[in-house]
Amino acid sequence: MLSGTASLDELAARAPNMPALDVDAVAFEDVEVMQAAYEMDYSTREVCLPPGLHPTTPPLMVVLAWKVPDGPFGAFTMAQVRVSCRSGVRPRGFVAGCLVSTERAAAELRSRWGFPARPGPVRLDRFYDAVVLDAGPGLHISGLDPDPMGAGDVQYTVTTTLADTPRGLRLVQVEPDYELRRVERIRPRLDHFDASAWDAPALAPRHPVSATIGVGTLSVPKLRFVSRPDIMAFEGTETV
Amino acid sequence: MKFGIFFEMSTPRPFSTATDLLVYHNSLEQARLADELGFDWVWCVEHHFLEEYSHSSAPEVVLAAVAAQTERIRLGHGAVVCVPEMNHPIRVAERAAVLDVVSRGRLEFGTARSSTWTELGGFNVDPDDTKKTWDEFVRVLPRMWADEPVAYDGRCFSMPERNVLPKPVQKPHPPMWVTVTSPGTELDAAERGLGCLGVASTTYAEQERRTREYHRRIQSCDPVSTCVNDQVTTLNFLYCHEDADVAAATGMRMVGLFGLSNAHLLWTREAYPTRAYQSLGNLSPAGGSDRASPGDPRGIPEGIGVGDPDRLVGVIRRWEGIGVTGINFLINTSETIPQEEVLASLRLFASEVMPKFQESASC
């Protein structure tokens, strides 16, 4: 069974600080949600993940974007680069990097859920026959030829972030719930990706797999679980 | 009640020639013993690229070896992936017929469409299409086995008149099955008159519901050929030992490891959103290994074939009572159980458990 081999010291150096784990639930209305998946090289399988997580084969990089028109953090757009993995037997997406369009939202995402969020230019634009996500110098992807599909046919994997918490360095399980009223599958294209801009030089997306764009309500409930990043989830999971 | 053993060819890391030799030749030895002991089937899956979980990429080759080393046991080609990028339908028909010939009519023919992105993506298969191509395969294969010659003009492939040779020994063709992972696939099987080859762990209640609906639907099926296979099998684990504590400790180690490696597969739905794949996994934790059996002091999940002979008789009686006609057993995972213990488990099961069901069958 493969496990992550990333240096915890290096990951810890850029882990955000979460002053508390008992954070309130938050909901956002009319959020546009884009998700795009790309296969990565096998050589990147373990090196992107901490030892407490297990890679998938093939390794999969998933870009997740939220365009939030309003809400408790104000309007913002977020682009997140994550690596598909397993925590024990559960599917997870480990967040390697996160760019947020406003300082305020970036600070909230860091302190509430441990997203490694940095403020920066992010735009998610919807056109008649295309969707474009532009995240500064580090990422530019397009989704072409929208094709309507059932909202239930899209899987959004639970998020795992690495954060400095009151219990120490922990993998934080963030479980957004998406109630989307419209979802379309789009043909993904990776126009530009610079791994160094995401502080994750091992990320190497190659083969586009799929992408979707949806709109609806995004709810993030209170945190339920954290786990130690150095050991398997069977031994290292803790209830919040 | 019929019993089979089921090979995934799961393989521990680090991968090496020695490990491949061990896994494959241990499996062949298990098949020979199962033949001697009176097991009904040996099934061998088709998977591609699934590191650790299954290195069984050419089951027709394994089954040819089993055919040459056994006398009686039936050969479960379980299952052929029915998408043309992986297997051209003419080659599928030819290989199956040859297996039936060299085994003197012992072939069981399973059909499937693959469930992981690892496999579908590796062959550049569009997941939206696999149900359609599977449906086309199961309708044309019986014609290739029976008709002389056959022509076909379809969606996923076409062929002018040719005589597909040889023809199978079993007439009109070997029994056909569908692997059932996603809920609802048992209905696809029933509507086409195909056997239900369960490869997903379920509860007794869920299996009872599925089996009842399968038997109801197959009464009015529109079969893909002139013969109907109305058998329903489930997939299970087998570790049988006189000492119930030893059985639980060893057997549950296998169950847990299989569940872990299964959960680490990249299921299609996770990578590629599609209505064609509704479920995640087969013997996944949600479906099986963490399903506590009420009142079981050793924490063995409901319906799992791990225990002493008395427990296994009880478990199988429950499956039998809800209409299951056969159980296929995974008997090892990634060589976690030493080969001698696997063989001892098979012998004990055959001597203490199987006769109970042969008796009930003869009554």
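## Terms and basis

A residue is called buried under 20% relative accessible area, exposed over 50%, and partly exposed in between (1.4 Å probe, protein chains only). This is a predicted model, in which local features need pLDDT of at least 70 and side-chain atom pairs count only at pLDDT 80 or more, while totals for chains, interfaces and linings use all residues. Residues are numbered from 1 along each chain as its sequence is written, chains are lettered from A and ligands numbered from 1 in the order in which they are written, and side-chain values use heavy atoms, with hydrogens and water left out.

Side chains of opposite charge can pair when their charged atoms come close. A salt bridge here is a side-chain nitrogen of Lys or Arg within 4 Å of a carboxyl oxygen of Asp or Glu. Over all chains, a search of the whole structure finds 36 salt bridges.

One of them pairs Asp30(A) with Arg181(A), with 2.9 Å between the closest N and O atoms. The two residues are 151 residues apart and link distant parts of the chain: Asp30(A) lies in strand S1 (residues 26-40) and Arg181(A) in strand S12 (residues 177-193). Strands are DSSP runs (E, at least two residues), as are helices (H or I, at least four), numbered from the N terminus. Arg181(A) counts as exposed because its relative accessible area is 58%, whereas Asp30(A), at 42%, is partly exposed.

Arg189(A) and Asp191(A) also meet in a salt bridge (2.9 Å, N to O). Arg189(A) is partly exposed at 43%, and Asp191(A) is partly exposed at 35%.

## A network in chain B

In chain B, the side chains of Lys131(B) and Asp188(B) form a salt bridge (2.6 Å, N to O). This pair joins helix H5 (residues 130-146), which holds Lys131(B), to helix H6 (residues 185-192), which holds Asp188(B), across 57 residues. Lys131(B) is partly exposed at 27%, while Asp188(B) is buried at 15%. Salt bridges that share partners place both in one network, whose members include Asp135(B), Arg139(B) and Glu191(B).

Helix H10 (residues 309-321) has 13 residues and reaches 18 Å from its first C-alpha to its last, close to the expected 18 Å. The expected span is 1.5 Å times one less than the number of residues. Among the buried residues of H10(B) are Leu312(B), Ile316(B) and Trp319(B). Just after H10(B), Gly323(B) has a positive phi of about 100°.

Helix H11 (residues 339-352) has 14 residues and reaches 20 Å, close to the 20 Å expected. Its buried residues include Leu343(B), Leu346(B) and Phe349(B).
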